[in-house]
2 protein chains.
Amino acid sequence: MPNSEVLPLPAPAAGGSAVAPGFPPLTERPLGAGEAEAVARMFKALGDPVRLRLFSAVASHEGGEACVCDISDVGVSQPTVSHHLKKLREAGLLTSERRGTWVYYRVEPSVLSTMGHLLTPPATAA
Amino acid sequence: MPNSEVLPLPAPAAGGSAVAPGFPPLTERPLGAGEAEAVARMFKALGDPVRLRLFSAVASHEGGEACVCDISDVGVSQPTVSHHLKKLREAGLLTSERRGTWVYYRVEPSVLSTMGHLLTPPATAA
DNA sequence: GGCCCATGTCGACGCCCGTCGAAACAGGTG
DNA sequence: CACCTGTTTCGACGGGCGTCGACATGGGCC
């Protein structure tokens with residue numbers, strides 16, 4: 001079971017969803033220390049070019065999931081790919097599932113909406 | 001002039017806007033190496049709790065701008081705050097302007113929409 | 001002009017992170 | 001069972017990053 005480590009997030013819904021909504025837009029009010037730490041983990045996970053490409057490859061793959069063997073062409077060694085995928089898993093952005101020989105990754109459903117919500121521009125379109 | 005360094009981004013519109021749209025959603029197609037590097041810079045800038053709090057403080061501040069003295073209470077020394085604000089500037093997320101004694105920071109207008117666009121969920125809400 | 005306050009810069013230190021090769025583990029196939 | 005392929009883990013190395021204190025700079029104020 002590849003999904004080993006989980007993280008302390010505000011409302012870890014009991015459905016395997018590690019990233020929960022509940023974060024206000026960054027423009028709404030200053031983030032508290034705890035919130036910032038949790039949110040920063042997500043952004044940090046996407047703050048590496050290799051991880052970003054892996055995430056994008058999974059997110060844009062047909063069927064919403066991708067085998068490691070299909071997305072390993074990002075210019076680094078295969079162990080490094082695995083390492084980054086693990087980071088993305090630990091950050092709650094991806095989930096993995098082994099089916100026979102191959103391991104398939106998919107985007108944690110709530111991630112895009114949660115992070116997108118954080119970046120909501122202020123209502124008053126100044 | 002605090003805004004010293006700029007970055008190589010795809011379409012640096014000639015308006016002082018360092019972050020330009022032109023990045024497809026991460027779910028649309030796998031990011032190329034160059035794109036990933038540029039986009040990762042933005043996410044990386046928000047991947048630190050202190051920077052995230054500073055960014056949020058500026059973004060949520062009345063009038064869209066904040067004096068350093070108003071947002072320096074993030075638990076680190078003042079030089080560190082300045083260091084992180086510089087990082088956010090170099091990443092194109094903030095701009096700064098000196099008015100008299102104080103320096104005011106504001107969010108680069110296109111940032112929120114650009115990054116939000118990157119996180120657009122797939123049209124097929126599967 | 002001289003002082004003080006607000007910011008930014010410099011140099012140093014320690015830790016975290018990305019990277020790799022080698023080895024371990026998992027599962028299918030003969 | 002032996003072997004092969006796909007994937008993860010381990011240990012190590014090097015560079016980058018966050019943090020600080022001390023100092024430089026810039027601009028009001030008396």
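Let's start in β3(B). Which residue is the bridge partner of E97(B) there? The partner is Y104(B). Keep in mind that we are looking at a predicted model.

Now zoom out from that pair. Strand β2 of chain B covers residues 94-99. Between β2 and β3(B) there are 6 bridges, and the two strands run antiparallel. They form a hairpin, with 2 residues between the strands. Look at G100(B) in that hairpin. Its phi is positive, near 70°. One general point while we are on strands. In a regular strand, side chains alternate between the two faces of the sheet.

Over to chain A. Here β2 is residues 94-99 and β3 is residues 102-107. The pairing is antiparallel, over 6 bridges. E97(A) sits opposite Y104(A), which belongs to β3(A). The hairpin of β2(A) and β3(A) has 2 residues between its strands, and G100(A) takes a positive phi near 70°.

What about the rest of chain A? How many helices and strands does chain A have? The count is 5 helices and 3 strands. Walk along the sequence and you read α-α-β-α-α-β-β-α. Chain A has 126 residues, and 48% of them are buried. Now take the contacts in chain A with a separation of 6 or more. Of these, 62% join residues 24 or more positions apart.

Next, how the two chains relate. Rotate chain B by 180°, with 0.0 Å of shift along the axis, and it superposes on chain A with an RMSD of 0.1 Å. That is the relation of a two-fold axis. Now the interface. Of the interface residues of chain B, 100% are also interface residues in chain A, so the copies meet through the same surface.

Let me pick one residue, A40(B). Find it in helix α1 of chain B, residues 33-45. Buried or exposed? A40(B) has 2% relative accessibility, so it counts as buried. What does A40(B) touch, leaving aside residues up to four places away in sequence? The answer lies in chain A: L46(A), G47(A), D48(A), P49(A) and L52(A). For a distance within chain B, take A91(B). A40(B) and A91(B) are 51 residues apart along the chain, and their C-alpha atoms are separated by 9.9 Å.

Of the DNA strand C atoms that come within 4 Å of the protein, sugar and phosphate account for 78%.

Some polar contacts, one by one. T80(A) has a polar side-chain atom 2.9 Å from a phosphate oxygen of DNA strand C. W102(B) reaches another kind of atom. Its side chain has an N or O atom 3.5 Å from a sugar or linking oxygen of DNA strand C.

Which elements build this surface, with at least two residues each? From chain A, α2 (49-59) and α4 (78-90). From chain B, α3 (68-71), α4 (78-90) and β3 (102-107). The most comes from α4(A), with 5 residues. Sort the surface near DNA strand C by class and you get 10 nonpolar, 9 polar and 6 charged residues.

On to DNA strand D. Around it there are 25 residues, and Q78(A), Y105(A), R51(B), S77(B) and H84(B) come nearest. Of the DNA strand D atoms within 4 Å of the protein, 77% belong to sugar and phosphate.

Again, some contacts. A side-chain N or O atom of R51(B) is 2.6 Å from a phosphate oxygen of DNA strand D. S82(A) puts a polar side-chain atom 3.0 Å from a phosphate oxygen of DNA strand D. With C69(A), look at the backbone. A polar backbone atom of C69(A) is 3.4 Å from a phosphate oxygen of DNA strand D.

Last, the elements near DNA strand D. Chain A supplies at least two residues from each of α3 (68-71), α4 and β3. The largest share, 5 residues, comes from α4(B). By class, the surface near DNA strand D has 10 nonpolar, 9 polar and 6 charged residues.

Key
Residues numbered from 1 in each chain as written. Chains lettered and ligands numbered in written order. Predicted model: local features only at pLDDT ≥ 70, side-chain atom pairs only at ≥ 80, totals over all residues. Heavy atoms only, no water. Least-squares fit on C-alpha atoms with pLDDT ≥ 70 in both. Contact = heavy atoms within 4.5 Å. Near = heavy atom within 4 Å. Polar contact = N/O pair within 3.5 Å; in protein donor to acceptor, adjacent residues only side chain to side chain. Helix = DSSP H or I, 4+ residues; strand = E, 2+ residues; numbered from the N terminus. Nonpolar A, V, L, I, M, F, W, Y, C, P; charged D, E, K, R; others polar. Pairing = 2+ DSSP bridges. Buried < 20%, exposed > 50% of the residue type's maximum accessible area, 1.4 Å probe, protein only.
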